[in-house]
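Here is a short report for a reader new to this structure. Take a look at the model before reading on.

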Amino acid sequence: WDNLLEWFRKDSFRSVETKMGRRPARCYRYSKGKPYPKSRYCRGVPDAKIRIYDVGRKKANVDEFPACIHLISLERENLSSEALEAARIACNKYMIKFGGKDAFHMRVRVHPFHVLRINKMLSCAGADRLQTGMRGAFGKPNGVAARVDINQIIFSVRTKENNVANACEALRRAKFKFPGRQKVLVSNKWGFTDIPRDEYTRLKALGLIVSDGVIAHKLNENKGEVRPRGPLKNFLKAAGLTA
């Protein structure tokens, strides 16, 4: 009996923290308050689960993939990095299976910079003697999430015209990994550019489009010039504002 009482006395006050599963998305879904990014004051932040933001043929020229499909958020909320990674995998797998691994380029348009916190509670025997309840309840970093606004683009897929239906279905499946509501839209722009498709083909025929990787620059129709890239001095030199 003495040994049993001694064991119970030691075990009942042992501050052992039990490993619990992740909290459900509803705990962190709403964008309340200010953004809380990683900084020198906010340390010990775990790495985001999503590490790849471009998949498919990401180096394909702008002329190869004219069609563009977007997944757009209909709510102002937080999307955890785990949900972003799960949605990216779901969309990528469907496109590879039904479209081909070189038939598309998908880009994740949001980044998880907002740090989520958790106020861990002990759930072992005798924990009520060690916990302080709501005193000092500011939690420790637990994960990261992306803050999205209404009508903000989450994912974009550029592909060929014959793959638009596959891209719409892939993004529809990715929707199920997120809380809240989203919609899939087929863009009227050429690929990832900001130029409408009919205007792009017209300017391309006139030789007024300069491709620059996955995007394109529109030349001035009167002068046939494009704003030079790089430091400000390059722009001033092209404009004739420097000696």
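## Terms and model

A nonpolar core is a set of buried Ala, Val, Leu, Ile, Met, Phe, Trp, Tyr and Cys residues joined through side-chain atoms within 4.5 Å. Buried means under 20% relative accessible area. The model described here is predicted.

## The main core

The largest nonpolar core has 28 residues. Leu84, Phe155, Val157 and Phe178 touch the most other members. Several elements each supply at least two residues: strands E2 (67–73), E4 (104–108), E6 and E7 (153–159), along with helices H2 and H3 (164–175). H2 gives the largest share, six residues.

Leaving aside residues up to four places away in sequence, Phe178 touches Leu71, Leu79, Ala83, Leu84, Ala87, Ile154 and Phe155.

## A separate core

Another core lies apart from the largest one. This other core has nine residues, including Trp190, Tyr200, Leu203 and Ala216. In soluble globular proteins, nonpolar side chains tend to be buried together.

## The sheet

Three strands make an open, antiparallel sheet, ordered E3-E6-E5. Strands E3 (77–80) and E5 (114–118) are at the edges. Each has a single partner strand, so one side of each lacks a neighbour in the sheet. From one strand to the next, the twist averages 50°.

E5 and E6 (residues 140–148) run antiparallel and are joined by five bridges. Leu116 has its bridge partner in E6, at Gly143.

## The helix across the sheet

Helix H2 (residues 81–98) lies across E3 and E6. H2 runs at about 65° to E3.

How values were computed. Residues numbered from 1 in each chain as written. Predicted model: local features only at pLDDT ≥ 70, side-chain atom pairs only at ≥ 80, totals over all residues. Heavy atoms only, no water. Pairing = 2+ DSSP bridges. Helix = DSSP H or I, 4+ residues; strand = E, 2+ residues; numbered from the N terminus. Axes fitted to C-alpha atoms, helices over the stretch in contact; angles between N-to-C directions. Contact = heavy atoms within 4.5 Å. Buried < 20%, exposed > 50% of the residue type's maximum accessible area, 1.4 Å probe, protein only.
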